[in-house]
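Please consult the sequence and the model alongside them.

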Amino acid sequence: ISDEHSKKKKKDNQDKQDSTHTNQETQHKEKKNKSKKHSHEKKDQHQEKKNEQVIGEKKEEVTESKKKEKEEKDEIKGGKENENQEVEEEQQDQKSKIAEGIESIRQVQKKVEALKIQNEKLELLVKSYNNTTTFSSEQLKQNEEEKIKLHKKWLELSNLNHNCGSLQEEVTQQLLLLDQIESFGDSQLRSERKSASLLANQIADSSEKLSHLAMKIMKKFESETGITDAGH
């Protein structure tokens, strides 16, 4: 009985040890599995975070790309608007300059028309003296009353000579003004400038001839009378 009891006790102890060992192995396996599971979970979390980060970066890249694309479009649009605005300003500026040019030409035309009338009056005066005109004789030079008349005539011829020279200068000045006016490709401006220039050139040619004739008459008068001033 004692041996059986001892065997049973020994067996119970062995079963207990086996059970303990099994429990320990089970716990170890569970701990190991838990550790692996935790490790996998950490890896999954890390991968998930990494994926989220990649997705976030891609979203940022897309957003940044769209933003950049919008900025470029806005810049192109703004550039075109600025370019169109500059073109409009240039066109408006050119229109303004053309209007100013036409106004300047018309002012010159008025001046040239006035010079034309002046030229016609001077032409009549100059032609009233011809190469056969005798201004004085020896007998008339001795007459005081005639001398006074001759001095007045000298003054008249002097004024005529001066006016012819002034007319020539004024016409030349108007031609220079016309040369300074740009046409900007405008047909109306070119036409009016050409018309004014033709008339001014005609008067310039005529006034130059009148100036030479007036000077010639003046010298003839001084040579024949000996009078070179307006007297007292």
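Q: What does valine 126 touch, not counting residues up to four places away in sequence?
A: In this predicted model, valine 126 touches Leu160, Cys164, Leu210, Leu213, Ala214 and Ile217, with residues up to four places away in sequence not counted. Contact here means heavy atoms within 4.5 Å.

Q: Which residues touch the most other members of the largest nonpolar core?
A: Val126, Leu157, Leu160, Cys164 and Val171 do so, in a core of 31 residues. Helix 1 (2–127), helix 3 (144–180) and helix 4 each supply at least two residues of this core, and the largest share, eleven residues, comes from helix 4. A nonpolar core is a set of buried Ala, Val, Leu, Ile, Met, Phe, Trp, Tyr and Cys residues joined through side-chain atoms within 4.5 Å.

Q: Why is serine 197 called buried?
A: Its relative accessible area is 17%, and buried means under 20% (exposed is over 50%, partly exposed in between; 1.4 Å probe, protein chains only). Serine 197 is therefore buried.

Q: Where does serine 197 lie?
A: Serine 197 belongs to helix 4 (residues 187–225); helices are DSSP runs (H or I) of at least four residues, and strands (E) of at least two, numbered from the N terminus. Beyond its neighbours within four places in sequence, serine 197 is in contact with Leu175 and Leu178.

Notes. Residues numbered from 1 in each chain as written. Predicted model: local features only at pLDDT ≥ 70, side-chain atom pairs only at ≥ 80, totals over all residues. Heavy atoms only, no water.
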